[in-house]
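Biologist: Could you walk me through this model? I'd like to start with the overall picture and then go into a few helices and loops.

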Amino acid sequence: MAAVFAMQGLGQLCAALVMLFVTLGFKGSLQGPKDPSKCTGDCQIAVDKMWRTLIGFGAVPACIALYFRLTIPETPRYTFDVARDVEKAHDDVKAYMSGKHEGEPDSVARATAAQSAKEGLEVPKASWRDFGRHYAKPKNFGLLLGTAGSWFVLDVAFYGLSLNNAVILDAIGYTTNANSITSVYQLLYNTAVGNLIIVLAGAVPGYWVSVATIDTLGRKTIQMGGFIILTILFIVMGFAYNHIDKNGLLAIYVLAQFFFNFGPNTTTFIVPGEVFPTRYRSTSHGISAASGKIGSIIGQGAISTLRTKGATKDNANPWLDHVLEIYALFMLLGCFTTLLIPETKRKTLEELCGEDDYAVSRVERPSNHKDEPISSA
C-alpha cells in the first residue's frame with residue numbers, strides 16, 4: 001500500500017515533466033505576449049492546447065488502471081466474509097498460491113458450501129443496522145475517529161502549504177512574480193521547472209523513505225513523528241516568517257514536503273486499509289478519505305483566505321504568518337488523533353480487524369473435500 005501511494009510522487013514528477021515539454025513545444029507562440037492578460041490569438045490557442053494535452057496525458061494511466069481494476073477478481077477475504085462464497089474463496093486462495101488468475105470451483109460443491117455457510121456462519125452481514133452497532137462500541141468509534149481525524153487535520157495544512165509556492169519558486173530562481181517575468185513563456189517555464197525541483201527535493205524522497213521504513217519503524221511511529229516535526233516546522237515558519245530569508249523558507253518548505261510524505265500523508269492512507277473488518281474496510285477508508293477532503297476545503301477555502309486580511313498595495317498577504325500558525329495547531333491536533341490508532345506493522349488483517357467482535361461457527365466443507373473446516377480466519 002505504501003508503494004502504491006508513493007506512485008503519487010512519480011505522478012507529480014511526470015506531470016511537471018509533461019508541463020515542461022508542452023511549454024517548450026509551444027515556445028514560439030508564448031514568447032510574444034508580456035503577461036497573461038495579453039495572451040490572445042496564437043498564444044491563447046497554444047495555451048488551450050497545452051491544458052488539454054495535460055489533462056489527456058493524465059487520463060491515459062487512469063484508463064489503464066481502470067481496466068485492470070475492473071478485471072481483477074475480488075480478494076478471497078471479501079468472497080468469504082462478505083459474499084459468503086466459501087467454496088469460491090477456497091479455490092481463489094489455491095489459485096493465487098499457484099499463480100493463476102482465480103479459482104474455478106465445482107458448481108455443485110459451490111452451491112452446497114454456500115448453503116452450509118448461510119446456515120452456519122454467524123458473521124454479521126453488512127447493513128446500516130450492523131454498521132451502527134459496530135461503531136456504537138467506543139473502541140471501534142475511537143478507531144474511526146483516529147483515522148478520519150488524522151486525515152482531516154493533515155489535509156488542512158497539506159494543501160495550505162502551497163500558499164508559499166510563489167515565495168519558494170522565487171527563492172530557487174524561478175520566480176512567477178508579474179514584475180519579474182518578460183513573457184508568458186517565461187511564466188509557464190519557471191512554473192514547470194520550479195515545480196519539478198520542489199517535487200524532486202522533498203515529495204519523491206519522502207514517499208520512498210516511507211516505503212523503505214513502513215514495516216520497520218511502523219505506521220504509528222512514522223505518523224506521530226511526522227506530525228511532531230511538522231508542528232515544529234509550522235511554528236518556526238509562522239512565528240519567524242518575517243525574520244527568515246528566502247533560502248531559510250526554502251529549506252523549511254522542502255523539509256515540510258519531506259515529512260508530510262515520510263509521515264502522515266502516507267500513513268493516513270495505509271492505516272484505514274488495515275484496521276477495519278472486511279465488511280466495513282472500504283466504507284471506513286472512504287469516510288476517512290472524505291474527512292481529509294473536507295479538511296482540504298477548510299484549509300484552502302476558509303483558513304488560507306485569511307492571509308489577505310488587512311492587505312495593502314505593499315503587502316498582499318499580511319496575515320500569512322498567522323495562517324501558518326493556525327496550521328501548526330492542526331499538526332499538533334494530529335499528534336492526539338494518532339494516539340487513537342494502533343500500531344499495525346507486521347500484523348495480519350485477521351489480527352487487526354477485530355474478529356473478537358462476533359462469533360463464528362465452523363463450517364464443514366462438502367464431503368468431496370478432505371480439507372480442514374473453514375473458520376473466519
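Predicted model: local features only at pLDDT ≥ 70, side-chain atom pairs only at ≥ 80, totals over all residues.

Biologist: How many helices and strands does the chain come to?

Modeller: The chain has 16 helices and 0 strands, where helices (H or I, at least four residues) and strands (E, at least two) are DSSP runs numbered from the N terminus.

Biologist: And how much of the chain is buried?

Modeller: Of the 377 residues, 44% are buried, with buried meaning under 20% relative accessible area, exposed over 50% and partly exposed in between (1.4 Å probe, protein chains only). Taking contacts (heavy atoms within 4.5 Å) between residues at least 6 apart in sequence, 77% join residues at least 24 apart.

Biologist: OK, helix H1: what span should it have?

Modeller: Helix H1 (residues 2-25) has 24 residues and should span 34 Å at 1.5 Å a residue, which agrees with the 35 Å between its end C-alpha atoms; the expected span is 1.5 Å times one less than the number of residues. Its buried residues include Phe 5, Leu 13, Met 19 and Val 22, and the buried residues of H1 pack against helix H2 (27-30), helix H3 (42-71), H10 and helix H13 (264-270).

Biologist: Which residues of H3 are buried, then?

Modeller: Those are Cys 43, Ala 46 and Met 50, and what covers them includes H1, H2 and H10. H3 itself has 30 residues and reaches 44 Å from its first C-alpha to its last, close to the 44 Å expected.

Biologist: Changing topic: at what angle do H10 and H12 cross?

Modeller: Their axes come within 7 Å and cross at roughly 25°, the axes being lines fitted to C-alpha atoms, for helices over the stretch in contact, with angles from 0 to 180 degrees between N-to-C directions. That makes H10 roughly parallel to H12, as angles under 35 degrees count as roughly parallel, over 145 as roughly antiparallel, 65 to 115 as roughly perpendicular and the rest as oblique. Among the residues that meet there are Ile 198 and Tyr 207 in H10 and Tyr 253 and Phe 258 in H12.

Biologist: What about H8 and H15, parallel or antiparallel?

Modeller: The axes of helix H8 (residues 138-158) and helix H15 (residues 320-338) come within 9 Å and cross at roughly 160°, and the two helices are therefore roughly antiparallel. Where they meet, the residues include Phe 152 and Leu 154 in H8 and Tyr 327 and Phe 330 in H15.

Biologist: Now the loops: where is Ser 183 found?

Modeller: Ser 183 is in the loop between helix H9 (165-171) and helix H10 (184-213), and at 6% relative accessibility Ser 183 counts as buried. Its side chain reaches the backbone nitrogen of Gln 186 at 3.2 Å. Leaving aside neighbours within four places in sequence, Ser 183 is in contact with Leu 30, Gln 31, Pro 33 and Lys 34.

Biologist: And Thr 308, where is that one?

Modeller: Thr 308 lies in the loop between helix H14 (278-303) and H15, and is partly exposed, with a relative accessible area of 38%. The side chain of Thr 308 reaches the backbone oxygen of Thr 305 at 3.0 Å. Thr 308 and Leu 320 are 12 residues apart in sequence and 7.5 Å apart in space, C-alpha to C-alpha.

Key: Residues numbered from 1 in each chain as written. Heavy atoms only, no water. Polar contact = N/O pair within 3.5 Å; in protein donor to acceptor, adjacent residues only side chain to side chain.
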